[in-house]
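Hi everyone, thanks for coming. I'd like to walk you through one structure today, so please have a look at the screen.

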Amino acid sequence: MRLSDFKAGSGVKQTLPLPVTSPYSVEMTVICGSRPGKNLVVTAGVHGCEYVGIETLNRLKRELEPAALSGRVILLPLVNPEGFYQGSKQTIPADGKNLNRMFPGKPDGTFSSQLARVLEETLYPEADFLMDLHGGDVNEALTPLVFFPASVPESLSAAASAAAESLSVPYRVASTSQNGLYSWAAQCGIPALLVERGDRGLWSEKEVAACRENVYELMRHLGILNAASVSPCLQQAEIRRAVYEEAPADGFWYPAVSAAGQKLKQGTLLGTLKDSYGNEIARYTAPFDGVVLYYTLSLGVKSGDPLIAYGKL
């Protein structure tokens, strides 16, 4: 596949399959604007039960027209269709792997690793910027936020942070992750963001509209759309320090917070992990004033599962 054959300025819009060997086709829509400009790749559905981004890009692939664009937009609404149709939380059923932990991919690895490799080889060479859409899975409460890469050269991190700041999302979080679709793109020199919207495996018209606006905001920031219609962004807080607590053992999880987005004072109880007899395995308190970014709602968790993430404002 040669996406480079689809040039900005040609005014072409076409849907193409990725070269993936699977019963489920992975399709992308390439929209080549009527004028030259930057190339934006937007993906969703890396996790099949995170629906807001998936629905947003399904609508945008029908809505966006070449005449309105400068440059080129490549949309992948459903990176993991097998997980989507089978209702698989966070993983690809073919091998039980979390695709967002499989980058860089391997041509001789499991299916998820091979898919990661195809995504790298197909998309990365075409991207001036990459945006990956996620949300809270069926077991997660989450407040809207945008991650930008921090463990990359300063110029790249600054470009991604400036793009994140242009989005109407309340929290901008510096991330040191390196093995996800967006974070490995950043390691490869591509400015990239990961936007989180929606939670508990749900979607709504309100969240889809907000996510759609985030994609439009980024297109305006990059000059792909006319910036004359930019709307004021809500005040955005930057988080440079975040803590991601994971279960040290199998157990019963009892969160003590009431909602994602809740503000915290230092010393606030976040939650406890117990065994089936009620004995405490671990207790978590906030080491600083901050905000709850997301937390797990599941009563039962296994060793290594995420429990709660919070950031210092």
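What you see is a predicted model, where local features need pLDDT of at least 70 and side-chain atom pairs count only at pLDDT 80 or more, while totals for chains, interfaces and linings use all residues. Residues are numbered from 1 along each chain as its sequence is written, and side-chain values use heavy atoms, with hydrogens and water left out.

Okay, empty space first. Rolling a probe the size of a water molecule over the atoms shows where empty space is left. Here that's done on a 1 Å grid over the protein atoms alone: a cavity is a set of points where a 1.4 Å probe fits but can't get out, and a pocket is an open set with protein on both sides within 12 Å along at least five of seven lines. Lining residues have an atom within 4 Å of a point. Points are joined across faces, edges and corners, and the volume is the space filled by probe spheres set on them.

So, which element gives the largest share of the lining of the largest pocket? It's β11, with five residues. That pocket has a volume of about 950 Å³. Of its 39 lining residues, N98, R101, Y244, Y294 and P306 are the closest to the centre. Among the elements supplying at least two residues each are β8 (171-175), α5 (181-187) and β18 (306-312). By class, the lining has 12 nonpolar, 16 polar and 11 charged residues. For those classes, Ala, Val, Leu, Ile, Met, Phe, Trp, Tyr, Cys and Pro count as nonpolar, Asp, Glu, Lys and Arg as charged, and the others, Gly among them, as polar.

The second largest pocket holds about 190 Å³. Helices α1 and α2 are the elements that give two or more residues to its lining, which divides into seven nonpolar, two polar and two charged residues.

Now the strands, which pair if DSSP finds at least two bridges between them. Strand β3 (residues 35-44) runs parallel to β4 (residues 70-76), with six bridges joining them. The chain gets from β3 to β4 through helix α1 (residues 51-63), in a right-handed β-α-β crossover. Right-handed means that, with the strands pointing away from you, the path from the first strand over the helix to the second runs clockwise. On its other pairing, β3 has five bridges to the parallel strand β5 (residues 129-134), and L40 stands opposite F129 there.

Stay in β4 for a second, where you'll find S70. Is S70 buried or exposed? It counts as buried, at 13% relative accessibility; the cut-offs are under 20% for buried, over 50% for exposed, and partly exposed in between, with a 1.4 Å probe and protein chains only.

Last stop: an open, antiparallel sheet of four strands, ordered β15-β14-β12-β17. β15 (280-285) and β17 (300-301) stand at the edges with a single partner strand each, so one side of each has no neighbour in the sheet.
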